[in-house]
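Then let's walk through a few of its contacts together.

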Amino acid sequence: MARDLRNRHKTKKSGKQRIDYPLLCFDCETTVHGELLELSVYDLRGNEVYHEYFKPRSKKWPTDIHHITPEQVKDCKPFKAHRREIQKLLSSTHFLLGCALNNDLRILQRHGVCLSQRNHTVLDVQSWYWLLDDPSQWKTRQQTGLAAIAEHYGVDFGSGHAHSASADTRVTLECFRRMVEIFEERYPDNGTDAQMVLSGHDNLEDTQASLQRLNKRYQQAYERAMQHHAMYNAGGYVNVIQREQGYSIKCSKGMLIATPNVIFSHEVNDREKAEKELREYFVHKQLKGLTGIFSLDSADFDYIKAYRNEIDQNKYLKALAVKEESAKHRQGKASENLLPKKTATDQKRTTSATRSRKSRPSKMRAATQAMRVAKKEAKR
């Protein structure tokens with residue numbers, strides 16, 4: 001471990017020492033049923049601060065991907081024996097790095113590790129790769145695998161093989177370092193934040209602050225790229241299709257395959273806007289009782305062919321803002337869901353306690369009962 005990248009201090013409650021890391025990169029390997037087999041964690045300097053194999057409940061599983069055999073882990077302890085140690089380690093940082101990291105987070109959650117997204121920032125090399133790759137690829141927004149990303153940046157798996165936790169974690173960290181360099185070239189700032197992150201500065205607080213500023217700039221660039229992606233994919237075709245009773249106007253991303261029912265297809269810049277405006281324009285020609293079916297003639301066809309529109313940038317900016325708010329709301333919900341789920345016994349206890357509280361008489365009811373008892377005694 002690199003001593004200059006950890007900060008030992010005593011907590012107020014327990015008085016024990018705790019080690020904080022500016023960033024932790026990790027990867028885990030599982031069985032086909034999602035049982036943990038291996039976990040590897042690296043710090044920002046490239047030191048493997050944790051590595052362990054786990055014995056699952058399953059007796060057999062495919063080994064062609066991660067090459068972890070049942071014989072290899074038969075003498076290992078189950079994950080629950082290491083859960084507290086792993087929880088403490090992953091809770092000692094604000095930044096978690098990985099490739100397709102949400103999958104690993106869900107697996108750890110199912111195994112009882114709680115990581116609140118309010119306290120952690122997730123950095124995923126898949127999203128970084130999409131942003132920093134050739135802008136012409138923004139239209140596809142594919143989720144590229146780690147092997148392809150490593151090949152693109154010239155990162156070698158070395159003596160380890162792909163899909164082993166240690167090799168994948170080391171390669172993920174190395175790819176991220178390359179991405180930080182490229183990001184600084186394409187989105188230049190003062191350069192100090194990238195340098196501090198790449199060098200692994202001695203001061204923990206300064207390194208965390210640099211990561212926060214770097215991530216903020218990345219998020220801004222990512223949002224602009226998402227806007228570009230949405231605007232690029234807004235274009236499409238207006239298709240006039242013959243139906244049994246009339247004609248329908250349907251917009252699509254690509255041109256529909258020529259069939260006898262497709263009268264013609266007309267290219268537009270914003271297909272959603274085109275479908276809305278054309279349907280509103282021909283609303284008076286909509287057949288009664290048939291939604292989306294219109295009585296069109298040759299003059300109407302000429303109007304549709306001559307129709308043009310432009311992309312409304314404000315619409316996409318607003319949509320992006322709404323999407324961001326929805327993402328924040330989902331993160332809040334996700335952080336609540338990351339809390340340990342109640343067992344059947346705990347739920348039964350909670351239900352019993354709730355029933356007992358509901359069954360307790362109120363103060364007024366208790367006073368009334370006391371008065372009745374006092375009257376009965378007085379009559380005697």
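S164 touches D27, E29 and E38, leaving aside residues up to four places away in sequence. You will find S164 in the loop between α5 (146-153) and α6. Is S164 buried or exposed? Its relative accessibility is 11%, and because buried means under 20%, S164 counts as buried. Keep in mind that this is a predicted model.

**Two helices that meet**

Now follow the chain into α6. Two packed helices are described by the angle between their axes and the distance between the axes. Here, the axes of helix α4 (residues 125-132) and helix α6 (residues 165-186) come within 10 Å and cross at roughly 35°. The crossing of α4 past α6 is left-handed.

Which residues make this contact? From α4 come V125, W128, Y129, L131 and L132, and they meet T172, F176, M179, I182, F183 and R186 of α6.

**Aromatic pairs**

How many aromatic pairs does a search of the whole structure find? The search finds 13. Two pairs are set out here.

| Pair | Centre to centre | Angle between planes | Arrangement |
|---|---|---|---|
| F264 and F301 | 5.9 Å | 75° | edge-to-face |
| Y281 and Y303 | 4.1 Å | 5° | stacked |

Let's begin with F264 and F301. F264 belongs to strand β10 (residues 262-268) and F301 to helix α10 (residues 298-306), so the pair links distant parts of the chain, 37 residues apart. Both F264 and F301 are buried. The ring of F264 has another neighbour: the charged end of K305 sits over this ring, 4.9 Å from its centre.

Next come Y281 and Y303. Why does this pair count as stacked? The planes of the two rings are at 5°, and planes under 30 degrees apart count as stacked. Y281 lies in helix α9 (residues 271-281) and Y303 in helix α10, so this pair ties together parts that are 22 residues apart in sequence.

Are these two tyrosines buried or partly exposed? Y281 has a relative accessibility of 42%, so it counts as partly exposed. Y303, at 34% relative accessibility, counts as partly exposed too.

Key
Residues are numbered from 1 along each chain as its sequence is written. This is a predicted model: local features need pLDDT of at least 70, side-chain atom pairs count only at pLDDT 80 or more; totals for chains, interfaces and linings use all residues. Side-chain values use heavy atoms; hydrogens and water are left out. Axes are lines fitted to C-alpha atoms, for helices over the stretch in contact, and angles run from 0 to 180 degrees between N-to-C directions. Helices (H or I, at least four residues) and strands (E, at least two) are DSSP runs, numbered from the N terminus. A crossing is left-handed if the near helix is turned anticlockwise from the far one by less than a right angle, and right-handed if clockwise. Contact means heavy atoms within 4.5 Å. Buried means under 20% relative accessible area, exposed over 50%, partly exposed in between (1.4 Å probe, protein chains only). Rings of Phe, Tyr and Trp (its six-membered ring) pair if their centres lie within 6.5 Å; planes under 30 degrees apart count as stacked, over 60 as edge-to-face and the rest as tilted. A charge sits over a ring if NZ of Lys or CZ of Arg is within 6 Å of the ring centre and within 35 degrees of the ring normal.
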